[in-house]
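Here's a quick briefing to read alongside the model.

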Amino acid sequence: SKTLTPPYVFDITVSDCENGTVKAPTKAIEGDTVILSVIPDEGYAIKSVTVNGEPLEPVEGVYSFEMPSENVTVTAEFSFSDGNKYYNL
């Protein structure tokens with residue numbers, strides 16, 4: 001059998017989402033900074049982004065996180081926007 005040695009590589013899965021797109025690498029090394037591209041469709045805005053269920057807040061408009069020592073699932077929700085208000089649908 002093969003013994004794993006650091007650094008460890010883990011999978012990144014992006015959940016299917018409606019009204020927008022999330023792009024992420026498919027794998028990352030533990031401790032790496034992972035930058036996500038979160039793009040709402042026209043007429044929508046980003047409602048929330050989570051990594052393994054934990055909320056992720058943007059820093060200067062950029063969603064990123066430090067890769068933990070486990071596989072992660074990224075989920076994003078988008079809500080309708082008329083430019084002034086956001087609606088929970």
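**What M67 touches, and what's around it**

Leaving aside residues up to four places away in sequence, M67 touches F10, D11, I12, A28, I29, E30, G31, D32, V34 and V72 (contact: heavy atoms within 4.5 Å). This is a predicted model, where local features need pLDDT of at least 70, side-chain atom pairs count only at pLDDT 80 or more, and totals for chains, interfaces and linings use all residues. Numbering runs from 1 along each chain as its sequence is written, and side-chain values use heavy atoms, with hydrogens and water left out.

**Nonpolar core**

- M67 is also among the residues with the most contacts inside the largest nonpolar core, together with L36, V38, V49, F65 and V74; that core has 17 residues.
- Such a core is a set of buried Ala, Val, Leu, Ile, Met, Phe, Trp, Tyr and Cys residues joined through side-chain atoms within 4.5 Å, where buried means under 20% relative accessible area, exposed over 50%, and partly exposed in between (1.4 Å probe, protein chains only).
- β8 gives the most, with four residues.

**Salt bridges**

- There are two in the structure, counting a side-chain nitrogen of Lys or Arg within 4 Å of a carboxyl oxygen of Asp or Glu.
- D11 pairs with K27 at 2.5 Å, N to O.
- That links β1 to β3 (residues 27–29), 16 residues apart.
- K47 pairs with E77, with the closest N and O atoms 3.8 Å apart.
- K47 is in β5 and E77 in β8, so this pair ties together parts 30 residues apart in sequence.
- K47 is partly exposed at 41% relative accessibility, and E77 is partly exposed at 42%.

Key: Helix = DSSP H or I, 4+ residues; strand = E, 2+ residues; numbered from the N terminus.
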